[in-house]
Amino acid sequence: QVQLVESGGGVVQAGDSLKLSCAASTRTWRTTVMGWFRQAPGTEREFVAAMSWSGDFTDYAASVKGRFTISNDNAKNTVYLQMDNLLSEDTAVYYCATGSSWPLNPQYWGHGTQVTVSS
């Protein structure tokens, strides 16, 4: 079993930055790819960004490309999501996810962290 714990959410103003963290309880073949999804009220959960632990592969949703950066710290089993120039439409619960292959097909999810961007 893999546990993912997110942190770093909060309330910010439009144009501000925020950095989310996701600590994985372990690194195995089950956690080959790490990523972030988000879900705003009344909408479906959507893909935000993903990367392989090796860093060889990264991918971003078009809506965040150029503003968000995914990275990791292998020694800490942690993946990050740096979010810059936040917009009100970025308001959502952000979920960390992991899976065993590329592209990311999540097999494990975190509980989510709320990001609220006020305009």
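The legends below describe close-up views of a predicted model. Residues are numbered from 1 along each chain as its sequence is written, and side-chain values use heavy atoms, with hydrogens and water left out. Local features need pLDDT of at least 70 and side-chain atom pairs count only at pLDDT 80 or more, while totals for chains, interfaces and linings use all residues.

View 1. Strand E11 covers residues 113-118. Helices (H or I, at least four residues) and strands (E, at least two) are DSSP runs, numbered from the N terminus. Thr113, Val115 and Val117 point to one face of E11 and are buried. Buried means under 20% relative accessible area, exposed means over 50%, and partly exposed lies in between (1.4 Å probe, protein chains only). In a regular strand the side chains alternate between the two faces of the sheet.

**View 2. The partners of strand E11.** Two strands pair if DSSP finds at least two bridges between them. Strand E2 (residues 10-13) runs parallel to E11, and 4 bridges join them. Within this pair, valine 11 has threonine 116 as its bridge partner. Strand E9 (residues 92-99) pairs with E11 in the antiparallel sense, over 3 bridges. Here valine 93 has glutamine 114 as its bridge partner.

**View 3. The largest nonpolar core.** A nonpolar core is a set of buried Ala, Val, Leu, Ile, Met, Phe, Trp, Tyr and Cys residues joined through side-chain atoms within 4.5 Å. The largest one has 28 residues, and Trp36, Leu81, Met83 and Tyr94 have the most contacts inside it. Strands E3 (18-24), E4 (33-39), E5 (46-52), E7 (68-73), E8 (78-83), E9 and E11 each supply at least two of its residues. The largest share, 4 residues, comes from E3. A second, separate core has 5 residues, including Val33, Phe37, Ala50 and Leu104.

**View 4. The surroundings of tyrosine 94.** Contact means heavy atoms within 4.5 Å. Leaving aside neighbours within four places in sequence, tyrosine 94 is in contact with residues that include Glu6, Leu20, Trp36, Val48, Phe68, Leu81, Met83 and Val115. Arg38 is also among the contacts of tyrosine 94.

View 5. A salt bridge is a side-chain nitrogen of Lys or Arg within 4 Å of a carboxyl oxygen of Asp or Glu. By this rule there are 3 salt bridges. Arginine 38 forms one with glutamate 46, with the closest N and O atoms 2.6 Å apart. Arginine 38 is buried at 6% relative accessibility, while glutamate 46 is partly exposed at 36%. Arginine 38 also forms a salt bridge with aspartate 90, at 2.9 Å between the closest N and O atoms. Aspartate 90 lies in the loop between E8 and E9 and arginine 38 in strand E4, so this pair ties together parts 52 residues apart in sequence. Aspartate 90 meets arginine 67 in a salt bridge as well (2.7 Å, N to O). Both aspartate 90 and arginine 67 are buried. Shared partners join Arg38, Glu46, Arg67 and Asp90 into one network.

**View 6. Tryptophan 29 in a loop.** Tryptophan 29 is in the loop between E3 and E4. This residue is exposed, with a relative accessible area of 56%. Tryptophan 109 is 80 residues away from tryptophan 29 in sequence and 16 Å away in space, C-alpha to C-alpha.
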